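Subject: Structure handover

Hello,

I am passing a structure on to you. Please have a look, then read the notes below it.

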Amino acid sequence: MFVTPDAAPTPRVCYEIFIRSFCDSNGDGIGDLNGITSRLDYLHELGIEAIWLTPFHPSGSYHKYDVNNYYEIDPEYGTLHDFRRLMHAVHARGMKLYMDLVINHTSIHHPWFQEARKGADNPYRNYYWWMLPERIEALGVEKREETADAHVIFPWHDNPGDPEKYYAMFWNGMPDLNYDSTELRKEVYDIARFWLSDMQVDGFRLDAARHIYPPWLRSKNIEFWQEFGQVVERIRPDAYTVGEVWAKAAEVAPYFKGLKANFHFDLCFALQKMIQSGKQENFVESLRQDYAIFGSENPDFIDATMLSNHDQVRIGSLAGGSIDKMKLAAALLLTLPGQPYIYYGEEIGMLGQKPDERIREPFVWTEHRHDPQRALWIKPRYSRRGTVRPLAVQQADPASLYNHYKRLIALRKTLPALGQVHRPNLQAADTKDKELVAFIRSHPTEPVFVVHNLSKKVKQLTLSPKEQAFTQILFQTFDATHVQPGKLTLPGFGSVVLGMG
Ligand SMILES: [Ca+2]
Ligand SMILES: [Ca+2]
């Protein structure tokens, strides 16, 4: 059911935009679709090939993961006309756009739930999960195990005057949908068709994919996503899908049977840990094991990688605000296999700690106090002009974090060994040092040898005969990197990509 990698070139570098905070086009302080359209040249110049937009449907929350209407745009963000304009501008630049499809749950204000809550005989009743307390108890499902993405332990909620309770695992304002209903499945497939065909989006990011069925029916998850994948494939054979399966690699793997890509949370956390601790253990070996597990379910799996996203503490804060460490993190992400996603603002070193609003602060465009494009919906605590060098300032500085990202992205697109998305070409190097990450990206004619120094100390490496073949510096974070016959000198937090001379 999967198109061959050659038939549909897979974007090599993606970018996640939290719309509310990216760029404001009309001065109301809220980032919007026209703001994104106005900044596409920026993303294109950075080297971005695909954009993932967080939800934009009408919703009562600032994050909009509780959808009221899947066929409309929240007026805060624009109109369907604005969306068409954005899609046109994205495609005119040869880029792709993926939208967040939030179909694990709706808002309680969605008309389906407003109907369903009227009573057990309502035609929309079985779009959601309803149970009598005795049955909940008999099944032993009154409590759920806390997961990294959902902290609700008691997921059954009262509907006033109703003997049955409804299931909502994230919070009582977002009731879970019931995919045992064939009518619901049909509605959701119509929604997918509308956005892929009528609106021309290029794919979906599937929110909460591992929760699509509740815990007592979890075994049905994979079947659902396989059917979903087939439906998408029939609508648009080149459409892309990426799942949020926030779990260990072994649990993620079977989702590749239905979804082309899945986010690699284990890798994300391993990268974060390395940046914080300055060392690693068996990093390349465990990554190769994950690839083997993914590949056993689907050899054409796409490994979607990231340093952080809108649910996690920003990498800049995990790096303690150190630009050198942020450069190291970027170099790791952009030299490893997979399809990297940059979370908006990572490229300028934005900072952010929990709660969630604080990891979603406005992008810092210019040094001006009154920057008309800067979102103002929240007063920033972490990413202020005094703590984050604005983009406009960094663009003019060749040594900036922004230009480091730009160089790395260009390198990834220039070197086929680095840009390979399918069938990860990762081999362990002979160099063994817990404060280094060293690997070879194999290629029939242009393999590269990559070394990252996780420590702040200068490292002098003696290269093995295999590694000595790589003599040409294709990329270095700091100029103090040197290769001599049999030896490599790498400054603290430095990264180097070596090619065969
Ligand atoms: Ca606005
Ligand atoms: Ca669910």
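Strands here are DSSP runs of E with at least two residues, numbered from the N terminus. Keep in mind that this is a predicted model.

Start with Ile 342. This residue sits in strand β11. Ile 342 counts as buried, because its relative accessibility is 0% and the cut-off for buried is under 20%.

Next, the calcium ion (ligand 2). Which protein atoms are its donors? They are Asn 104 (OD1), Asp 176 (OD) and His 211 (O), at 2.1 to 2.3 Å from the ion. Along the chain, these donors follow the spacing N-x71-D-x34-H. Asn 104 is in the loop between β3 (96-101) and α5 (111-116), and Asp 176 is in the loop between β6 (165-167) and α7 (182-198), so the pair ties together parts 72 residues apart in sequence. Asn 104 is buried at 0% relative accessibility. Asp 176 is buried too, at 1%.

Last, the surface. Arg 369, Lys 379, Arg 384 and Arg 385 form a positive surface patch. Where is Arg 384? Arg 384 lies in the loop between β11 (339-343) and α14 (391-395). Arg 384 counts as partly exposed, because its relative accessibility is 38%.

Best wishes

Terms used. Residues numbered from 1 in each chain as written. Chains lettered and ligands numbered in written order. Predicted model: local features only at pLDDT ≥ 70, side-chain atom pairs only at ≥ 80, totals over all residues. Heavy atoms only, no water. Patch = residues over 30% accessible without salt bridge, like charges linked within 9 Å, V, L, I, M, F, W, Y side chains within 5 Å. Areas by Shrake-Rupley, 256 points an atom, 1.4 Å probe, with all protein chains shown as cover. Salt bridge = Lys/Arg side-chain N within 4 Å of Asp/Glu carboxyl O. Lys, Arg positive; Asp, Glu negative; His and termini not counted. Charge placed at Lys NZ, Arg CZ, Asp CG, Glu CD. Helix = DSSP H or I, 4+ residues; strand = E, 2+ residues; numbered from the N terminus. Buried < 20%, exposed > 50% of the residue type's maximum accessible area, 1.4 Å probe, protein only. Donors = N, O, S within 2.8 Å, 3.2 Å for Na, K, Ca; no water.
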